[in-house]
Amino acid sequence: DIIPSLGEILETFRIRTAAGGRGRPLRRYFDTGSEPSFVKASVAERLGCAQELGEPQNFGGLGNGRFVSREVLYFQIRLLEFWCSHFAFVVADDLLEDRYDMLIGHTLMQGFNVGCDMRRRRVILDRGSLRKAFRIY
């Protein structure tokens with residue numbers, strides 16, 4: 001079954017912060033229980049182009065605690081043949097587990113119609129939906 005909510009999957013996809021590049025493979029944790037996406041500060045620094053937020057953004061939930069982000073990283077993720085634009089809040093490395101570099105939240109999944117196949121533990125990508133979303137975004 002494709003689960004639209006409350007699931008998580010770990011997969012590797014290419015991301016880039018500048019158009020025209022091949023991107024870097026990063027381990028992505030797809031978590032449909034999280035609304036926003038988050039990226040480790042060390043990964044954002046390595047990729048470059050993180051931008052300071054006008055005001056710090058407060059969050060709760062990761063590690064059952066409260067935390068803050070002071071930067072946002074605009075990026076493109078390669079889904080099939082499409083480079084899809086989105087953003088992630090930059091957070092301290094210790095807020096995300098060692099096994100992944102970025103947590104992908106529901107907002108990105110909904111925007112690009114990314115499904116989660118919990119039996120196979122993988123994401124489901126639909127070329128037609130991506131083509132349509134690519135034109136809208």
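**Charged side chains and their partners**

Analyst: This is a predicted model. One side chain to begin with: Arg27 is partly exposed, with 33% relative accessible area.

User: Which residue forms a salt bridge with Arg27?

Analyst: Arg27 sits in strand β3 (residues 24–31), and its partner lies in the loop between β7 (82–91) and β8 (102–104). The pair therefore ties together parts 74 residues apart in sequence. The closest N and O atoms are 3.0 Å apart. The partner is Asp101.

User: Is Asp101 buried or exposed?

Analyst: The cut-off for buried is under 20% relative accessible area. Asp101 has 9% relative accessibility, so Asp101 counts as buried.

User: What is the distance between the closest N and O atoms of Glu81 and Arg127?

Analyst: These two side chains form a salt bridge. Glu81 is in the loop between β6 (66–79) and β7, and Arg127 is in helix α3 (residues 127–136), so the pair links parts 46 residues apart in sequence. Glu81 is partly exposed at 35%, and Arg127 is partly exposed at 40%. The closest N and O atoms are 3.1 Å apart.

User: Which residue forms a salt bridge with Arg99?

Analyst: Arg99 is partly exposed, with a relative accessible area of 38%. The closest N and O atoms of the pair are 2.6 Å apart. The partner is Glu97.

User: How many salt bridges are there by this rule?

Analyst: Side chains of opposite charge can pair when their charged atoms come close. The rule asks for a Lys or Arg nitrogen within 4 Å of an Asp or Glu carboxyl oxygen. The pair Arg99 and Glu97 is one of the bridges. The count is four.

User: Why does Arg16 have no salt bridge, and how far away is the nearest side chain of opposite charge?

Analyst: Arg16 is in strand β2 (residues 8–16) and is buried. A salt bridge needs the two atoms within 4 Å. The nearest side chain of opposite charge is Glu81, at 13 Å.

User: Which side chain makes a polar contact with the side chain of Arg16?

Analyst: Beyond neighbours within four places in sequence, Arg16 touches Gly21, Gly23, Phe75, Gln76 and Trp83. The backbone oxygen of Gly21 is 2.7 Å from a polar atom of the Arg16 side chain. The side-chain contact has a distance of 2.6 Å, and the partner is Gln76.

User: Which strand has the lowest mean pLDDT?

Analyst: The mean pLDDT of the chain is 87, with 91% of residues at 70 or more. Over residues 1–6 the pLDDT is below 50. Strand β4 (residues 38–40) has the highest mean, 97. The lowest, 42, belongs to strand β1.

Note on methods:
Residues numbered from 1 in each chain as written. Predicted model: local features only at pLDDT ≥ 70, side-chain atom pairs only at ≥ 80, totals over all residues. Heavy atoms only, no water. Helix = DSSP H or I, 4+ residues; strand = E, 2+ residues; numbered from the N terminus. Buried < 20%, exposed > 50% of the residue type's maximum accessible area, 1.4 Å probe, protein only. Lys, Arg positive; Asp, Glu negative; His and termini not counted. Polar contact = N/O pair within 3.5 Å; in protein donor to acceptor, adjacent residues only side chain to side chain. Contact = heavy atoms within 4.5 Å. pLDDT = per-residue confidence, 0-100.
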